[in-house]
Amino acid sequence: MKKLYCLLALLFTAPFSFAMDVEFGGQHRTRGIYYQQDMQDIFNQRFKFSGAFRPNEMFESHFWLLTNYKWGDKNYFDNEIRLYGYGDWKMSDELMLRLGRSPYQVADGSSIGMNDYSDYPYVMDGAFLSYNTESLAVDVWGAYLPSVWQGNNEAPSHQKALGLSLDVRSLPEEFKMANLYGVYAINDDGDDHIRLGIGIGGDISGIDYKLSGVIHGAELGEIVSQYAVDGQLGYTLDFDARIYVGGHYESDSYDAFYYNRHPRSGLLDVVQWGNGTTYGEGGISYMPSEDFEVGIVGLYFHSIGSWGQWGNTGEHPKDGAGMNTSQVIEADVYIKKSYAGGFAIKFLGGMFDLANDNPYWQVQLQTTFDF
């Protein structure tokens with residue numbers, strides 16, 4: 001703890017000593033969850049403090065300080081404090097080099113993203129070279145990847161990786177997103193992994209769409225042995241409401257790679273993509289103002305892979321049965337409200353496993369304060 005105090009003192013005093021441009025910010029998030037599974041409530045809190053230092057137009061340094069704790073946790077001193085930091089060197093107007101521990105996202109984050117839902121967002125340790133123009137953005141990177149979230153446990157997998165991402169810009173509204181990427185990764189056991197992905201999205205006369213596809217395999221000749229397709233189609237009505245349908249399909253052996261807690265895999269965040277999760281979805285959201293939204297979501301799971309477990313224990317919420325299942329329905333409702341000063345509140349609740357007449361329900365209340 002003394003080291004933390006010394007570090008914070010250094011962070012606050014160094015900018016004034018060197019007369020550099022400084023920016024600080026952060027977020028405090030509280031999430032209360034009541035599980036029907038074991039009739040218990042959980043209150044998690046996450047505090048994030050961040051800063052940026054700019055000694056000149058060429059260099060910029062960033063840091064994140066994160067910690068998590070629970071209300072009523074007597075072992076609060078055991079909660080981990082993590083410090084992330086990275087530096088940017090703007091070599092030219094188009095070329096930038098980043099070194100350090102940094103968040104990174106490809107396209108819409110469906111395959112590689114920050115996974116900000118979790119207590120500690122995903123980061124990479126390595127070097128990132130970015131070339132950005134008005135019409136094209138290219139990223140080349142080599143990094144150690146984080147411990148990915150597999151079910152209810154963090155497990156080291158795909159430890160080292162080389163990646164290439166290409167975003168096409170300056171496109172009409174019909175193609176807001178156009179991304180191609182490739183990743184070569186190798187884990188501690190020496191097993192290598194090749195992944196190729198594509199993502200497109202845009203708006204056409206009030207109709208919005210998003211479609212992504214991923215193929216991967218152990219070697220180049222068998223790279224299409226595992227695959228996934230994900231998409232969504234929506235329409236915005238005249239009275240500030242949006243209706244949408246979508247779906248996700250993947251092969252039985254599909255490796256979800258980053259195991260993000262995808263909002264689109266159920267608002268209760270109980271189901272994850274991976275190893276054969278397939279579902280259809282539909283919903284409607286009403287946005288009478290920029291700071292208020294209410295919505296209803298329905299999902300029909302045709303299959304849930306072995307990594308697609310649900311519940312806060314990683315098993316079926318009521319009887320502890322195996323995680324593979326079929327024909328599961330989830331129905332959710334949510335309300336979001338934002339206030340002046342960076343405060344926001346979100347309430348959501350839902351029922352899971354309605355099709356098998358063995359439902360599991362959950363209620364969640366989340367507040368965030370950005371400063």
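Is glutamine 226 buried or exposed? Glutamine 226 is buried, since its relative accessible area is 17% (buried means under 20% relative accessible area, exposed over 50% and partly exposed in between, with a 1.4 Å probe and protein chains only).

## Ground rules

This is a predicted model, so local features need pLDDT of at least 70 and side-chain atom pairs count only at pLDDT 80 or more, while totals for chains, interfaces and linings use all residues. Residues are numbered from 1 along each chain as its sequence is written, and side-chain values use heavy atoms, with hydrogens and water left out.

## Around glutamine 226

Glutamine 226 sits in strand β14 (strands are DSSP runs of E, at least two residues, and helices are runs of H or I, at least four residues, numbered from the N terminus). Not counting residues up to four places away in sequence, glutamine 226 touches Val214, Ile215, His216, Ser251, Ser253, Tyr254 and Asp255; contact here means heavy atoms within 4.5 Å.

There's a longer-range link to look at, too. Glutamine 226 and asparagine 275 are 49 residues apart along the chain, and their C-alpha atoms are separated by 9.2 Å.

β16 (278-289) and β17 (292-303) pair in the antiparallel sense over 10 bridges, where pairing takes at least two DSSP bridges between two strands. The two form a hairpin with 2 residues between them. Across this pairing, isoleucine 284 stands opposite isoleucine 296 in β17. β17 also pairs with β18, again in the antiparallel sense and over 10 bridges, and valine 294 has isoleucine 335 in β18 as its bridge partner.

Now for the loop and the strand end. Glutamate 290 lies in the loop between β16 and β17 and counts as exposed because its relative accessibility is 87%. Its C-alpha atom is separated by 10.0 Å from that of aspartate 240, 50 residues apart along the chain. Serine 303, in strand β17, is buried, with a relative accessible area of 19%. A polar atom of the serine 303 side chain lies 2.6 Å from the backbone oxygen of glycine 276.

## Strands β3, β4 and β5

β3 (residues 59-70) and β4 (residues 81-90) pair in the antiparallel sense over 9 bridges, and leucine 66 has arginine 82 in β4 as its bridge partner. Next along, β4 and β5 pair in the antiparallel sense over 5 bridges. A hairpin joins these two through 4 residues, with glycine 100 in β5 as the bridge partner of tyrosine 86.

## Nonpolar cores

The largest nonpolar core has 36 residues, and those with the most contacts inside it are Ile112, Met124, Trp141, Val183 and Phe301. A core of this kind is a set of buried Ala, Val, Leu, Ile, Met, Phe, Trp, Tyr and Cys residues joined through side-chain atoms within 4.5 Å. At least two residues of this core come from each of β1 (21-35), β6 (124-132), β7 (136-144), β11 (177-186), β17, β18 (328-338) and β19 (343-352).

Take methionine 124 as a case: leaving aside neighbours within four places in sequence, methionine 124 is in contact with residues including Gly100, Arg101, Ile112, Trp141 and Tyr258. A second, separate core of 5 residues includes Leu66, Tyr84, Tyr120 and Val123.

Most residues other than glycine have a negative phi, and most peptide bonds are trans. Alanine 107 is not a glycine, yet has a positive phi of about 55°. Asparagine 115, not a glycine either, also has a positive phi of about 55°.

Alanine 107 is in the loop between β5 (95-102) and β6, and asparagine 115 is found in the loop between β5 and β6 as well. Alanine 107 is partly exposed, at a relative accessible area of 28%, whereas asparagine 115 counts as buried at 6% relative accessibility.

## Cavities

How many cavities of 30 Å³ or more does the structure hold? There are 2 of them, a cavity being a set of points on a 1 Å grid over the protein atoms alone where a 1.4 Å probe fits but cannot get out, with lining residues having an atom within 4 Å of a point. About 150 Å³ of space lies in the largest cavity; such a volume is the space filled by probe spheres set on the points, which are joined across faces, edges and corners.

The largest cavity is lined by 19 residues, and Ser110, Ser111, Ser212, Gly213 and Val214 lie nearest its centre. β11, β12 (192-204), β13 (207-217) and β14 (226-236) are the elements that give two or more residues to this lining.

How values were computed:
A polar contact is a pair of N or O atoms within 3.5 Å; within protein, one must be able to donate a hydrogen and the other to accept it, and residues adjacent in sequence count only if both atoms are side-chain atoms. On a 1 Å grid over the protein atoms alone, a cavity is a set of points where a 1.4 Å probe fits but cannot get out, and a pocket is an open set with protein on both sides within 12 Å along at least five of seven lines; lining residues have an atom within 4 Å of a point.
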